[in-house]
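Subject: Structure handover and findings

Hello,

I am passing the structure on to you, with notes on what was found in it. Please look through the model first and then read the notes beside it.

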Number of protein chains: 2
Amino acid sequence: MGSVSVAGAPVTMLDLESCLGKAVAEVLATMLNYQAIVVPRSDNRITPGLSAIVGFGGKISGFIALHLTLEGACTLASGLLGMGFDEVDDIVSDAMGEVVNMLAGGLKKYACQSEELFKISIPSVIRGNDYSTHAPKDSEQRILSVQAGPCSLTVQLVVEQH
Amino acid sequence: MGSVSVAGAPVTMLDLESCLGKAVAEVLATMLNYQAIVVPRSDNRITPGLSAIVGFGGKISGFIALHLTLEGACTLASGLLGMGFDEVDDIVSDAMGEVVNMLAGGLKKYACQSEELFKISIPSVIRGNDYSTHAPKDSEQRILSVQAGPCSLTVQLVVEQH
């Protein structure tokens, strides 16, 4: 299991994955009142639809991406905002950006030690029917499959290797 | 012209756009020995192909995205790495991630005041034939069209509004 260099106390990818799992469960419980089932996934295939990505940098650097089908994004946004969505518009995209932002905030809270681990960027949201995402070669990644009520999502954590 | 809140001295979007223009010119001159022509663009239409995105967070938060056609990415990677590319593979994707990383480093260098303005994430690279990118509603953006020798690229700067 890889570790990423943090002055004083190393943080392993396993620690980060565990903290991200807690953040996912907390965000979905708070926002949607759903108990999330979070399962680590070994393949790294991402189905296009909508990807909300937030970067972070500091003692560790990386990004978190939330991947959903277009239908999945509408379902999650409907649950969050209490209104129906038939297609992914700017409101749905902004809501997915907010969710990945909260996941990064939760990861920071759970993984934080005595000092702040990283600063968080603002989210960028990709949507479409034909695209793939690529992480740098000198990075490690973990992928979580999440089921929360009717919502299926994939959460990807990519961290720079040192 | 909008300004983003930085303790002590405000940084305007015009400042950041100007610093990013300098960073673009420096990176392309250093890496490719090309004199870049950088022109601010008023429309925000992005053509799919390859988008390399790097986030930043700290006193200001946002992201920089480098957008190219797939052919444009091959041309730029060929110039950078001194070898030919017919299609966008992982080497081309990593090279475009490196370029956007250098642009963020250059922006930080030129925009930096007495204190560090932000920390930089690692790049994520999107490639495909059908996708669009979306910035949060509470953000400001500037788009630069860049021509450097045979390379045409678009550089997008998105910064959180306060």
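This is a predicted model: local features need pLDDT of at least 70, side-chain atom pairs count only at pLDDT 80 or more; totals for chains, interfaces and linings use all residues.

Residues are numbered from 1 along each chain as its sequence is written, chains are lettered from A and ligands numbered from 1 in the order in which they are written, and side-chain values use heavy atoms, with hydrogens and water left out.

**The two chains**

Chain B is superposed on chain A by a rotation of 180° with 0.0 Å of shift along the axis, and the RMSD is 0.0 Å. This is the relation of a two-fold axis. The superposition is by least squares on the C-alpha atoms of residues with pLDDT of at least 70 in both copies. Of the interface residues of chain B, 100% are also interface residues in chain A, so the copies meet through the same surface.

Over all chains, the structure holds 3 aromatic pairs. Rings of Phe, Tyr and Trp (its six-membered ring) pair if their centres lie within 6.5 Å; planes under 30 degrees apart count as stacked, over 60 as edge-to-face and the rest as tilted. One of the pairs is formed by Y131(A) and Y131(B): the ring centres are 6.3 Å apart and the planes are at 70°, so the pair is edge-to-face. This pair crosses between chains, joining strand β7 (residues 124-134) of chain A to strand β7 (residues 124-134) of chain B. Helices (H or I, at least four residues) and strands (E, at least two) are DSSP runs, numbered from the N terminus. Both Y131(A) and Y131(B) are buried. Buried means under 20% relative accessible area, exposed over 50%, and partly exposed in between (1.4 Å probe, protein chains only).

**Helix packing**

Two packed helices are described by the angle between their axes and the distance between the axes. In chain A, helix α1 (residues 13-32) and helix α2 (residues 70-81) have axes that come within 8 Å and cross at roughly 55°. That makes α1(A) oblique to α2(A). The contact is made by L28(A), M31(A) and L32(A) on the α1(A) side and by L76(A), G79(A) and L80(A) on the α2(A) side. By class, this contact has 5 nonpolar, 1 polar and no charged residues.

In chain B, helix α1 (residues 13-32) and helix α2 (residues 70-81) pack at an angle of about 55°, with their axes 8 Å apart. α1(B) and α2(B) are therefore oblique to each other. L28(B), M31(B) and L32(B) of α1(B) make the contact with L76(B), G79(B) and L80(B) of α2(B).

The terms used here are as follows:

- Axes are lines fitted to C-alpha atoms, for helices over the stretch in contact, and angles run from 0 to 180 degrees between N-to-C directions.
- Angles under 35 degrees count as roughly parallel, over 145 as roughly antiparallel, 65 to 115 as roughly perpendicular and the rest as oblique.
- Contact means heavy atoms within 4.5 Å.
- Ala, Val, Leu, Ile, Met, Phe, Trp, Tyr, Cys and Pro count as nonpolar, Asp, Glu, Lys and Arg as charged, and the others, Gly among them, as polar.

**Buried residues in chain B**

K108(B), in helix α3 (residues 90-111), is buried at a relative accessible area of 17%. Leaving aside neighbours within four places in sequence, K108(B) is in contact with E116(B), F118(B), K119(B) and I120(B).

E17(B) lies in helix α1 of chain B and is buried, with a relative accessible area of 12%. Not counting residues up to four places away in sequence, E17(B) touches P40(B), R142(B), L144(B) and L157(B).

V146(B) belongs to strand β8 (residues 139-148) and is buried, with a relative accessible area of 3%. Beyond its neighbours within four places in sequence, the contacts of V146(B) include V24(B), L28(B), V38(B) and C151(B).

**Exposed residues**

N33(A) is in the loop between α1 and β3 (37-41) of chain A. The phi of N33(A) is near 60°, a positive value in a residue other than glycine. N33(A) is exposed, with a relative accessible area of 70%. In chain B, N33(B) also has a positive phi of about 60° without being a glycine, and at 69% relative accessibility N33(B) counts as exposed.

T30(A), in helix α1 of chain A, is exposed at a relative accessible area of 61%. T30(A) and L80(A) are 50 residues apart in sequence and 10.0 Å apart in space, C-alpha to C-alpha.

Regards
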